[in-house]
Each structure stands twice: as C-alpha cells, then as structure tokens.
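Student: I have a model open and want to learn how to read its features. Where do we begin?

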Amino acid sequence: DKESDKCKNINRINGKIEFKNVSFAYSKDNVLNNINFIINPGERIGFVGSSGSGKSTIFKLLTKLYSLNEGKILIDGEDINNISNKSLRKNISLISQSPYIFNFSILDNLKIGNLDASNDEVIESCKKADIYDVIMNLDDKFNSFVGEGGVMLSGGEKQRLAIARTLLTRSNIILFDEATSAL
C-alpha cells in the first residue's frame with residue numbers, strides 16, 4: 001500500500017492516545033469490539049487478558065501494522081491514518097517478548113536506534129533498564145560481542161538490553177508487548 005500524500009510528518013509526538021469505538025477482526029469474529037479509552041502523556045497503562053484477547057492487536061493497530069475495521073485511533077488528536085508511517089515508527093517504540101539482538105558489540109546494539117547517543121546517555125539508559133552492572137561484569141564491558149541473536153545473554157538480559165536501546169531512541173510512546181516475561 002502506497003501511503004497517501006496527505007499523511008503528515010510529525011517530528012515529535014506528545015503521546016496522547018485515544019481509541020474511539022475501535023473494532024477489529026482477523027476473520028469474521030471481532031477480537032476487539034467497540035473499544036474506547038484515552039491514555040494521556042506520562043501515564044503507564046497495562047493491558048491484561050488471556051492469550052488471544054487482543055493485547056498485541058492493540059499495539060499493531062496503533063502502529064498501523066493492521067488497519068482498523070471500525071472506529072478511529074487518535075494520537076495527540078490526529079487520526080493515525082493522517083500521520084505518516086515514518087513519523088509513527090520514529091515516535092513509537094515497541095519492545096517485544098523476544099527482542100532481536102544483533103551479533104554486534106553491546107554498544108553497537110544499544111546505539112542502533114540513536115547513533116548520536118553520548119556515552120553518558122548510554123550509561124544512563126543501561127542503569128534505568130537495570131543492565132549496567134551486567135555489562136560492567138563482562139570482560140570487554142560495552143565492547144563485548146553478544147553472539148548471533150544475543151546467545152551470550154540470558155532472556156532477561158536481552159530484554160533489558162532492548163529496553164535500554166529503546167530508551168536511547170527517546171520515543172514518547174513505548175509499548176511493551178510481554179517484554180518483561182523473562183525478567
């Protein structure tokens with residue numbers, strides 16, 4: 001699908017999210033049926049439900065990986081269909097249950113989302129994600145290579161590294177899709 005020329009490029013999203021009468025079905029049965037909620041900037045909201053209840057679907061709709069069947073999703077009052085995919089993906093970070101870790105050094109894995117991050121920013125994001133002490137105990141610290149898919153790290157350490165990487169992107173909207181399952 002070619003994106004409409006009418007789509008806006010937005011440098012900075014504040015982060016107000018609104019779902020208005022949102023319904024979605026993969027086939028004929030709705031996974032989400034007339035969902036309404038508002039999340040204000042700075043709020044931390046958790047969606048809890050059984051497998052298949054629509055938690056991940058909400059994230060996929062918000063990032064335009066899926067198209068709505070009915071309703072509207074607004075970010076900062078703007079219909080997401082009027083916001084360019086590039087703008088959305090720049091301002092919304094998704095951390096999945098199984099984050100991909102590249103066969104690079106820890107530092108290179110961290111800076112993927114922000115090549116201009118300073119050493120202080122890298123250290124601060126690692127401390128916030130509670131991975132700093134683990135890194136400092138490695139022989140080569142931030143220059144340690146983690147192996148293909150991060151095989152040198154535990155599941156929880158991979159998730160913490162992905163959280164630190166995401167913090168460096170400075171996204172105002174961070175979505176955790178069961179991203180703390182191994183912590």
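Tutor: Start with burial. A residue is buried when its relative accessible area is under 20%, exposed when over 50%, and partly exposed in between. In this predicted model, both Phe19 and Phe37 are buried.

Student: How are the rings of Phe19 and Phe37 arranged?

Tutor: First the general idea. A pair of aromatic rings is described by the distance of the centres and the angle of the planes. Planes under 30 degrees apart count as stacked, over 60 as edge-to-face. Phe19 and Phe37 have ring centres 4.5 Å apart and planes at 20°, so they are stacked. Phe19 sits in strand S1 and Phe37 in strand S2, so the pair ties together parts 18 residues apart in sequence. Ring pairs also bring in Phe47, giving a cluster of Phe19, Phe37 and Phe47.

Student: What kind of aromatic pair do Phe24 and Tyr26 form?

Tutor: An edge-to-face pair, with 4.9 Å between centres and 85° between planes. Phe24 is buried because its relative accessibility is 6%. Tyr26, at 48%, is partly exposed. The structure holds eight aromatic pairs.

Student: How should I read a nonpolar core?

Tutor: In soluble globular proteins, nonpolar side chains tend to be buried together. Here the largest nonpolar core has 20 residues, and Phe19, Leu62 and Ile75 have the most contacts inside it. Elements giving two or more residues to this core are strands S1, S2, S3 and S6, plus helix H1. Apart from it lies another core of 19 residues, including Tyr132 and Phe142.

Student: Which residues does Ile75 touch, leaving out those up to four places away in sequence?

Tutor: Among them are Ile13, Lys16, Leu62, Ile80 and Ile173.

Student: How many salt bridges does a search of the whole structure find?

Tutor: Two. Side chains of opposite charge can pair when their charged atoms come close. Arg170 is partly exposed at 42%, and Glu121 is partly exposed at 29%.

Student: And the Asp130 and Arg160 salt bridge: what is its N to O distance?

Tutor: 3.6 Å. Asp130 lies in the loop between H4 and H5 and Arg160 in helix H6, so the pair ties together parts 30 residues apart in sequence.

Student: Where does the charged end of Lys127 sit?

Tutor: Over the ring of Tyr132, 5.0 Å from its centre.

Key: Residues numbered from 1 in each chain as written. Predicted model: local features only at pLDDT ≥ 70, side-chain atom pairs only at ≥ 80, totals over all residues. Heavy atoms only, no water. Salt bridge = Lys/Arg side-chain N within 4 Å of Asp/Glu carboxyl O. Buried < 20%, exposed > 50% of the residue type's maximum accessible area, 1.4 Å probe, protein only. Helix = DSSP H or I, 4+ residues; strand = E, 2+ residues; numbered from the N terminus. Core = buried A, V, L, I, M, F, W, Y, C linked by side-chain atoms within 4.5 Å. Contact = heavy atoms within 4.5 Å. Phe/Tyr/Trp six-rings, centres within 6.5 Å; stacked < 30°, edge-to-face > 60°. Lys NZ or Arg CZ within 6 Å of the ring centre and 35° of its normal.
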